[in-house]
Amino acid sequence: QVQLVESGGGLVQAGGSLRLSCAATGSIFSINAMAWYRQCPGKQRELVAGITSGGSTNYADSVKGRFTISRDNAKTTVYLQMNSLKPEDTAVYYCNADVTSMKRIVFDVWGQGTQVTVSS
């Protein structure tokens, strides 16, 4: 079984920074793309940033220049560095990964979510 374990959420004042981490555990053969999504109450989940196994990244327009997504060398952990946070960044942040298990089965895996609250 493959799991994603997130950490790093919390409460921060506007203009502050937070770093989210997401570690993949379990019977993993490879991890392809990884991404961070967020969801505000009453709204649909939206893509914040994504990164491929080759290191290519993409960002939502609303976070470009403020957020940075990265992966560790083993490519099993993804990070989201969030700077210059705004109250509108308040949401539950979810990690997502496209994982191939040791049995060569491909899974679309989600983390449990971590709350980020930005106060004005």
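This is a predicted model: local features need pLDDT of at least 70, side-chain atom pairs count only at pLDDT 80 or more; totals for chains, interfaces and linings use all residues.
Biologist: Which strands stand at the edges of the open sheet of 4 strands?

Modeller: The sheet has antiparallel pairing and the order S1-S3-S8-S7. Two of its strands have a single partner strand each, so one side of each is left without a neighbour in the sheet. These edge strands are S1 (2–7) and S7 (67–71).

Biologist: Which residue in S8 is the bridge partner of arginine 71?

Modeller: Strand S7 runs antiparallel to S8 (residues 77–82), and 5 bridges join them. The bridge partner of arginine 71 in S8 is valine 78.

Biologist: Is serine 21 buried or exposed?

Modeller: Serine 21 has its place in strand S3 (residues 18–26). Its contacts, not counting residues up to four places away in sequence, include Val5, Trp36 and Val78. The relative accessible area of serine 21 is 18%, and the limit for burial is under 20%, so serine 21 is buried.

Biologist: How many residues apart are arginine 38 and aspartate 89?

Modeller: These residues form a salt bridge, with the closest N and O atoms 3.0 Å apart. Arginine 38 lies in strand S4 (residues 28–39), whereas aspartate 89 lies in the loop between S8 and strand S9 (91–101). The pair thus links distant parts of the chain, 51 residues apart.

Biologist: Which residues are linked with Arg66 in a network of salt bridges?

Modeller: The side chains of arginine 66 and aspartate 89 meet in a salt bridge of 2.8 Å, N to O. Arginine 66 counts as buried at 10% relative accessibility, and aspartate 89 is buried at 1%. The residues linked with Arg66 in the network are Arg38, Glu46 and Asp89.

Notes. Residues are numbered from 1 along each chain as its sequence is written. Side-chain values use heavy atoms; hydrogens and water are left out. Two strands pair if DSSP finds at least two bridges between them. Buried means under 20% relative accessible area, exposed over 50%, partly exposed in between (1.4 Å probe, protein chains only). Contact means heavy atoms within 4.5 Å. A salt bridge is a side-chain nitrogen of Lys or Arg within 4 Å of a carboxyl oxygen of Asp or Glu.
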